[in-house]
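Try each task before you read its solution.

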Amino acid sequence: MISIRKITREKAVEEAQREFITHIAHELKTPLTSIKSYSEMLMDGDIDDPEMKKEFYNTINAEADRLTALIQNTLSISRIEMGGLALNKGLVKTDWLAEDSLAAVETSARKKHHILEKNFPEVFPNLVGDKELLRVAIINFLSNAVKYTPENGKITFSLIDLNDMVVFEVSDTGLGISEDDLPHIFKRSFRSSDPQIRDQSGSGLGLAIASEIIHLHGGEVEVESRPGEGTHFLIRFPKEDYYIGKQ
Ligand code: ADP
């Protein structure tokens, strides 16, 4: 009985992995198809209008960014799954983490005329963790805020240093999340069926990977949202002592 159950479970895992690979391949194909067709039109010399040319280059650039984000998330997932719980831990300076994550979304926020407000402490605390994975997690919250907030909205990014915790807050004045969708947003491949959300490109992996990374660091994430008004994510990380060498 035990071995049958084990085989059934292995089959289910294999099936989930197959589905995941199909999903990723499909997600990679969409931006590549559009990069290829826009660049072909430009190369054929069919486009004379300079404004239109500019728009085509912008689309190619945005699609390349989309590919980079997807590959980054896929690599993080495979690193976590293959490496088990082995994080590449070190001292993480949160000024670097916050500024670098913000820099990754600044161009797209500017294009949408968003106000990007930051509330940072005078003295930044340190965290112990895997800096590349932490950066992937924070960028996913920020890029969602930009993606799902219509033009002229406001994104607020705060870092709060508490006694035993470092808290990141990402708030937006965007589309919000419905009560029906809210329990599912951290599941792999979940995307809302709301056409306004579907209008934005996405793979449904961002929040799943972000929450995995946060939990691997002993942290927690909470979300509050009002459809039509905006969304607020609260991410808490415990402060840990970091000793170099043996004590
Ligand atoms: P993706 O953005 O690629 O669809 P995510 O895993 O990052 O995937 O997010 C899952 C879903 O959660 C999104 O499709 C969207 O429905 C919802 N969501 C996440 N962040 C926000 C936000 N800031 N505002 C509105 N909806 C959001």
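**Exercise 1.** Find which backbone atoms lie by an oxygen atom of the ligand, starting with G206.

*Solution.* 
Step 1. In this predicted model, a backbone N or O atom of G206 is 3.3 Å from an oxygen atom of the ligand, a polar contact (a pair of N or O atoms within 3.5 Å).
Step 2. S203 also places a backbone N or O atom 2.8 Å from a ligand oxygen, and for S192 a polar backbone atom is 3.4 Å from one.
Step 3. The ligand taken alone exposes 540 Å², of which the protein buries 98% (Shrake-Rupley areas, 1.4 Å probe).
Step 4. Around the ligand are 20 residues, each with a heavy atom within 4 Å of it; N144, Y148, R191, S203 and L207 are the closest.
Step 5. Sorted by class, this shell holds 9 nonpolar, 8 polar (Gly counts here) and 3 charged residues.
Step 6. Helix α4 gives the most, 3 residues, while α6 (206-216) and β7 (230-238) each supply at least two.

**Exercise 2.** Describe how α3 and α4 pack.

*Solution.* 
Step 1. Helix α3 (residues 94-111) meets α4 (residues 131-147) at about 35°, and their axes, lines fitted to C-alpha atoms over the stretch in contact, are 9 Å apart.
Step 2. The crossing is right-handed.
Step 3. The contact (heavy atoms within 4.5 Å) includes W96 and L97 of α3 and I138 and L142 of α4.
Step 4. By class, this contact has 11 nonpolar, 3 polar and 4 charged residues.

**Notes.** Numbering starts from 1 along each chain as its sequence is written, and side-chain values use heavy atoms, without hydrogens or water. As the model is predicted, local features need pLDDT of at least 70 and side-chain atom pairs 80 or more, whereas totals for chains, interfaces and linings use all residues.

Key: Axes fitted to C-alpha atoms, helices over the stretch in contact; angles between N-to-C directions. Helix = DSSP H or I, 4+ residues; strand = E, 2+ residues; numbered from the N terminus. Left-handed = near helix turned anticlockwise from the far one by under 90°. Polar contact = N/O pair within 3.5 Å; in protein donor to acceptor, adjacent residues only side chain to side chain.
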